[in-house]
Protein chains: 2
Amino acid sequence: MGGIIEGRVLEVFEAIRGRRSVRSFLDRDVSQSQLERIIECGILAPSAGNIQPWEFIIIRSPERKRALARAALGQEFIEEAPIVIVVVADQARTARVYGKRGADLFSIQDTAAAIQNMLLAAHSMGLGTCWVGAFDEDEVSKVVKVGASLKPVAIIPVGYPRYYPAPIGRRPISKVMHEEVYSSKESQRR
Amino acid sequence: MGGIIEGRVLEVFEAIRGRRSVRSFLDRDVSQSQLERIIECGILAPSAGNIQPWEFIIIRSPERKRALARAALGQEFIEEAPIVIVVVADQARTARVYGKRGADLFSIQDTAAAIQNMLLAAHSMGLGTCWVGAFDEDEVSKVVKVGASLKPVAIIPVGYPRYYPAPIGRRPISKVMHEEVYSSKESQRR
């Protein structure tokens, strides 16, 4: 289980470092209390003006999971997960206070922060997740019956991982960290 | 210090639950190793296609911090922090693979996930942060000298908190969690 010890809660760095995008799940249920813990961590994310422009739709029906996998361009592993969470941004809610910047930027950032909390919470309980962003929004909206003012921003399958993928590479800190002003990677000395 | 015990690393739920938006900082430095730990946690966020469309500009100059505070509509607490991190999304980098959806959605989500990791990492080391999103993008771009293809998405002051604010309220899980399909809050029974 790749360093995951059940029954022990991971510390922050371990969780951040150990989280993977899991695309294969065991046939084993996620409990209601695990699910609620994940959502609780989501709603503890910060949001612009504390507007909390998020809604979470919990999918357990095999037919609906299949429809989501289709809407996600055939990513069939979505169907394997016992629970799939569709995260929706209520752009209008943020726009009422912050206008277009609120809709286009803040509501997307706020829901993304919630999602990241959820991925870490799930991982720290030994559960795997995958942040699926490649999907047809209109199709997903139809499947979970959200109106035009709500934007589906992610599909998150949640379940016990069949296996944890190996870590994938990252651009090194020396390439992405800049002192005082931006300098393109070529001229970076560190 | 609101439950923060220095020298001990927080577990995930504690960190998610205890993080606050800190807007007042002590005159006490953040070490280079703390800073690099924060950035390291940032770059461990997931990103669409592992493209990692993030750049982090570290500001220590008082003049530049003042300019950022001005660009952020006078949020003067930004100047109090020993370190300010400007997070930039390289929308073109993601667009090369994912087109407009990549630029408008994925690059914003990916940088937001990185930011959330950074806030949790900082908090778990006893540091305070605030995710500042209300600012004039063009002004910030000028201050940190990023070109038009790069979008500043957040200003993050980092430092030892003068105090931790009390928790602020959240919409309850019963209002934001939906079973199988979206139902407006009014018709929610839970």
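**Exercise 1. Find the bridge partner of A:Glu179 in S1(B), then describe how the two strands involved are joined.**

Solution. Start with the residue: A:Glu179 has B:Ile58 as its bridge partner in S1(B). Next, look at the strands, which are DSSP runs of E with at least two residues, numbered from the N terminus. S5(A) and S1(B) run parallel and are joined by three bridges. Two strands count as paired if DSSP finds at least two bridges between them.

Before going on, a word on the model: it is predicted, so local features need pLDDT of at least 70 and side-chain atom pairs pLDDT 80 or more, while totals for chains, interfaces and linings use all residues. Residues are numbered from 1 along each chain as its sequence is written, chains are lettered from A and ligands numbered from 1 in the order written, and side-chain values use heavy atoms, without hydrogens and water.

**Exercise 2. Work out the strand order of the open sheet of five strands, and say which strands stand at the edges.**

Solution. First, read the order: S5(A)-S1(B)-S2(B)-S4(B)-S3(B), with mixed pairing. Then go to the ends: strand S5 (177-179) of chain A and strand S3 (128-129) of chain B each have a single partner strand, so one side of each lacks a neighbour in the sheet.

Now turn to S5(B). Strand S1 (residues 54-59) of chain A is joined to S5(B) by three bridges, and these strands run parallel. Here A:Phe56 has B:Met177 as its bridge partner.

**Exercise 3. Describe the contact between chain B and chain A.**

Solution. Begin with the residues: 74 from chain B and 74 from chain A take part, where contact means heavy atoms within 4.5 Å. Then take the area: the two chains bury about 6700 Å² between them, 57% of it on carbon and sulfur atoms. Buried area is the accessible area (1.4 Å probe) lost by two parts on being put together, summed over both. B:Phe13, B:Arg171 and B:Glu180 supply 11% of what chain B buries against chain A, more than any other three residues.

Technical notes
Helices (H or I, at least four residues) and strands (E, at least two) are DSSP runs, numbered from the N terminus.
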